[in-house]
Each structure stands twice: as C-alpha cells, then as structure tokens.
Amino acid sequence: MAANKKRRALVSVSDKTGIVEFCKDLEKLGFEIVSTGGTLKTLVENGVKAISISDVTGFKECLDGRVKTLHPAVHAGLLARRDIPEHMASLDEMGYNTIDLVAVNLYPFKKTIEKPNVTLEEAIENIDIGGPTMLRSAAKNYGGVLVVCEPADYKEVVERIKNGTDDMTFRLSLSYKVYRHTAAYDSLISSYMQQLLGIEFPEHITFAYDKAQDLRYGENPQQNAVFYREQTARAGALTSAKQLWGKELSYNNINDANGALELLKEFDVPAVVACKHANPCGVGTGKTVYEAYMRAYESDPVSVFGGILAINGTVDKDTATEINKIFIEIVMASDYTKEALEILESKKNIRLLQIDNITAPRANTAYDMKKVYGGLLVQQYDNTLLAGEDMSLFSTPAEVKTEALQNGKTKTVYGNGVVTKRKPTKEEIDAMLFNWKVVKHTKSNAIVIGKDGRTTGIGMGQTNRIWAANQAIEHAGKEAAGSVMASDAFFPFDDVVHAAAAAGITAIIQPGGSLRDADSVKAADEANIAMVFVGDRHFKH
C-alpha cells in the first residue's frame, strides 16, 4: 500500500509530565500521534487522537509488552535518510511512513533499584529495550527526526517547529542529549549488575553523574566548575545535604566540607570536626555537642576562623552562640534546634547544612577516585582503622625478630603491638585511638598530637616527617606536654621521637615498618614513652 505522507510523532513515555499538552500542540501543527501502552491510554483519555503502534506495525504487542516497537515499520521510518532517494523509495515499496518526531523517556530503572528489598527480577523487568533503541535510531538520523528525551524540551521543540527554527544545530543538540541520556542509563544498569556480581575493578568502567549545580568558579576565579552527584543516593553524603541557610556552596566549600565529613564518620560519640582546606585544624569529642565544639575550637582558635564545622549531633542554643562568636563558612550537622537556627541565621555569610544519617558508613561499592590527566586512579576507600581492628595491640608486646639484609647486616623487625618497655595507660590508649582517627584524614606527611578528647596540634602536608612533627608540636605549644602523638606512616629516623620527648609527649602510635625502627624504639624507651605499632598506614595525598 502507499505510504501515508502525514508527519508522524511516536510518543512512548514513562514520565508523563507535560505529554498531553505536548501532543495536543503537535496535533495543531499537523502531526499524527502514534503511541503505545499506558501512554496511548493517557493521551486518548485526555482528548488526543492518537493511534496505536499496532496500527503502524500490523502486529499486536507481545511478551507482556516486551516487544512492541522493535519492528521495521518503526525503525525504517526512523532511520530512512530523507535526502537519499533510494531510502525513500524503499519506504514507499514497503508501505511504511517516515516518523518525524520521537518523544521517549525510559523505564524507571533508577527508582526501581532504590526501592527497599527490590528483587533482581523486578530490576531486570525495568530495563528498557525498545525505548533506548528508538531514541538511538532517531538520534542517529537527527537531520530527519526530532528526538526528545527530556520533558523540559517539549515547549522549545513546539516553538521551533512553529517558527521554522528547528535547524541542524538544534537537532544535533537533541541528538546529543539522547546519547548522553542512554549512556547514563546503561551505566547505571551495568554498575548495578557489577555490584551484584561483586566485581571490584572491571576491565571497562563508566560512571553516571547528574549535574547538581553550576559553580561560580573552581579552585580559582579563572577556572570554570560544576558539581555533579552520583545517580544513586548515598546516605550521609554531602550530596544528600539540605541547605537551610546561606548562599550557594563554592568549589572549595564542597571540597573542604567533604574532608570534614569524611573524618566525622570515624566517631560514634558527640564529635565536632573543624576543617580548613580539607585538612582538620581542630577536632573534639565530648559528652555533648557543646563540649565537643569547645574542645575542637580550643584546639586551634586561629585556624578555625573561616573554617568548616562538621557535627554529628544537634546544634543547640549554647553551641550556636559560641559558633557565632567567630566567622565560620559552613556548619554541617545532624540537626539544629529552632533557637540555634535563629542565632546562626543572624549572620548572612554563614551556610547551614543539615544531613540525615551524617555518620552513615560508606557503601562497600563506593570508590575513592583521583583524576589524572588522561586517566583515572580508582581504589577502595580506606575503611580500616587498625590492622584487624585488634584492640589487643595496645596491651600485647610486639613479636620481635632479626632479619638478614643483603649487605650482610641485620635489622630488627617488630610485629604489631607494644614495642617499648612501658605499655600505654588507658588514658593514653584513648588518646591514641582518637589521634589515629584524625591522622587518617590529614594530608601526608601527617602528625597529630592530642589528649583528653581533643587535638592539641596538627602537622600536615609536609615533605618530611620531622617537619610535620615540629609543626604539630609548635602549634600545640605548652599543650604538647602530656599529649599523645599519631603518625600516618612509619618514622624513617628516630628524630621524631626525640622531638616528641623534648615536647613532653608521653605515647606514640604509628604503623612501624622502617629499617630503623629499632632506633625509634630505643629513643622511646630512653624517654619513657610508650609506643605501639599497628601495621596499617594511612597515607592521604
């Protein structure tokens, strides 16, 4: 039979936002509307004179709707090049019509897998096949087909058709959106299956992110920047924060805030983390949020100015009053009392974020990534604290043995545990654990000293360990005496121990593993410092 030359629009959507109005506008412009399943029902019930896809293909939907648009009548109508006479002749010979506009959005796979206790079968049934196929066919032939995958574009498409401004640049932009959209959709599916199969590092990897916001600039004003969020929601992540007050976050705000949030997750007691440039500058714990804040503030009253606070509890009136005495860029907390919000909102330049489940642990499937030019570094998050989470390390003498070196000399090798003559006291053990959590999230080379549930000095980002130690001791001043030291990696020499002894530090926690560990142990014994080797290091670059 002869092909119908009337312009056709094929419409099949899961998200029906605006679709009725869009199709009515297309009808006014002379389009015949072809549709499927639930979309067809919605259109007809709302006065659109749509016809079924079966009227175009000549066969009924089958396999519970799995097959309805996978037919030559559809894909020939989409892929036929209007500028190639042989293509158009083939359509006429087969009795098919061109399809001039496609409006499709896909089965809600993301919403499905986010449901509690979703089954694999349910997830699989929400993988769209026909939708992406139609979109990709239409997008490939964008010169002849207007392809719309986002309801937000309906209005502009109608206006451009009316005005004759649906030019090749516009059509290409719609085609681009399709491939971007289907790539993200496929990435989400593959990531879901990767997680189910327990594949940690696949041969090929893709990640789907949605734009969260445009940023005024990046690290520096001459750099453009955007913030993207993962498509799958992460409990306790910065991307799940609700901003209650203040202007939009900047690139540096987001990066710094994430550093504070990462450290906060280490604590299961009331804790406050003060951060500058993604490094902790003061950390405190206590029986209450107020006590924890005061300890964090007193750790470094100078550096905390203009910093970021992460708080794993409810900010009350007294805490808010103290916070307001200085300039703070951002406060992130589990919640705020009404009185606290009134106090904090009196300052226009502060930003207030509320994060549910703020200390929720990271998902096992989350990656820690660093972009390098031309590539991507991907690793597991550093989710451990102590080797084997073994608390007996603090009371058990380390195994000591001698190993031969290639030059004929020997070295003393220490296992994990107490390596000095003196064991740490309970108070020192508490301080060791506290400092170890902090040093884990401090840029290397890192040394943290502290006591009584607070840091007293932090040295970070140095090119050698003694500089980091001296920086921490200098910051602590008189508070160094009686403090405990944590080092994110081993001591290459005994100079750090000598510096610690001179400052009055009483105990040290470090990974161990240096060729000269025996020198550091000897220096600690001479100064009556208790020292524990824990095995795991926590480099953070």
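So, Asn445: you'll find this residue in the loop between H15 and strand S19 (447-451). What joins Ser444 and Asn445? A cis peptide bond, with omega at about -10°. Keep in mind that this is a predicted model, so I'd like to go through the confidence before anything else.

The chain averages a pLDDT of 91, and 98% of the residues score at least 70. If you go element by element, the lowest mean pLDDT belongs to helix H4 (residues 72-79), at 79. At the other end, strand S21 (residues 484-487) has the highest, at 98.

Asp452 sits in the loop between S19 and strand S20 (454-459). Its phi is near 55°, which is positive in a residue other than glycine. Is Asp452 buried or exposed? Asp452 has 58% relative accessibility, so it counts as exposed. Then there's Asn117, in the loop between helix H6 (109-113) and helix H7 (120-125). Here phi is near 60°, again a positive value in a residue that isn't glycine. With a relative accessibility of 77%, Asn117 counts as exposed too.

Five strands make an open sheet, ordered S3-S2-S1-S4-S5, and the pairing is parallel. Which strands are at the edges? Those are strand S3 (51-52) and strand S5 (146-148), each pairing on one side only.

Let's zoom in on S4. Strand S1 (residues 8-12) runs parallel to S4 and is joined to it by four bridges. Val11, for instance, stands opposite Ala103 in S4. Leu101 has Leu146 of S5 opposite it, and the bridge partner of Val102 in S5 is Val147.

Now the side chains. In a regular strand they alternate between the two faces of the sheet. In S4, Leu101 and Ala103 point one way while Val102 and Val104 point the other, and all are buried.

What does Leu101 touch once you leave aside its neighbours within four places in sequence? The contacts include Arg8, Ala9 and Leu10, then Phe22, Leu26 and Phe31, and also Val145, Leu146, Val157 and Ile161.

That takes us to the packing. The largest nonpolar core has 55 residues, and Leu101 and Val102 are among the members that touch the most others, along with Ile19, Phe22, Ile33, Phe109 and Val157. Helix H10 (residues 168-197) gives the most to this core, seven residues. Apart from that core lies another one, of 46 residues, including Leu238, Ala257, Ile358 and Ala530.

Next, aromatics. How many aromatic pairs does the structure hold? Ten. Take Phe267 and Phe434: the pair is tilted, 5.7 Å centre to centre, with 45° between the planes. What I like is that it links distant parts of the chain: Phe267 is in the loop between helix H11 (251-264) and strand S9 (271-276), Phe434 is in helix H15 (residues 426-439), and they're 167 residues apart. Both Phe267 and Phe434 are buried.

Then Tyr414 and Phe533: the ring centres are 5.7 Å apart with the planes at 80°, so this one is edge-to-face. Tyr414 is in strand S17 (residues 410-414) and Phe533 in strand S23 (residues 530-533), so the pair ties together parts 119 residues apart in sequence. Tyr414 is buried, and Phe533 is buried too. There's also a cluster: Phe201, Phe207, Tyr209 and Tyr367 form one aromatic cluster.

Last thing, cysteines. A disulfide is a covalent bond between the sulfur atoms of two cysteines. The cut-off for a disulfide is sulfur atoms within 2.5 Å. Cys275 is buried, at 1% relative accessible area. Cys281 is in no disulfide either, with the sulfur of Cys275 as its nearest, 6.6 Å away. At 9% relative accessible area, Cys281 is also buried.

That's it from me.

Terms used. Residues numbered from 1 in each chain as written. Heavy atoms only, no water. Core = buried A, V, L, I, M, F, W, Y, C linked by side-chain atoms within 4.5 Å. Buried < 20%, exposed > 50% of the residue type's maximum accessible area, 1.4 Å probe, protein only. Helix = DSSP H or I, 4+ residues; strand = E, 2+ residues; numbered from the N terminus. Contact = heavy atoms within 4.5 Å. Pairing = 2+ DSSP bridges. pLDDT = per-residue confidence, 0-100. Phe/Tyr/Trp six-rings, centres within 6.5 Å; stacked < 30°, edge-to-face > 60°.
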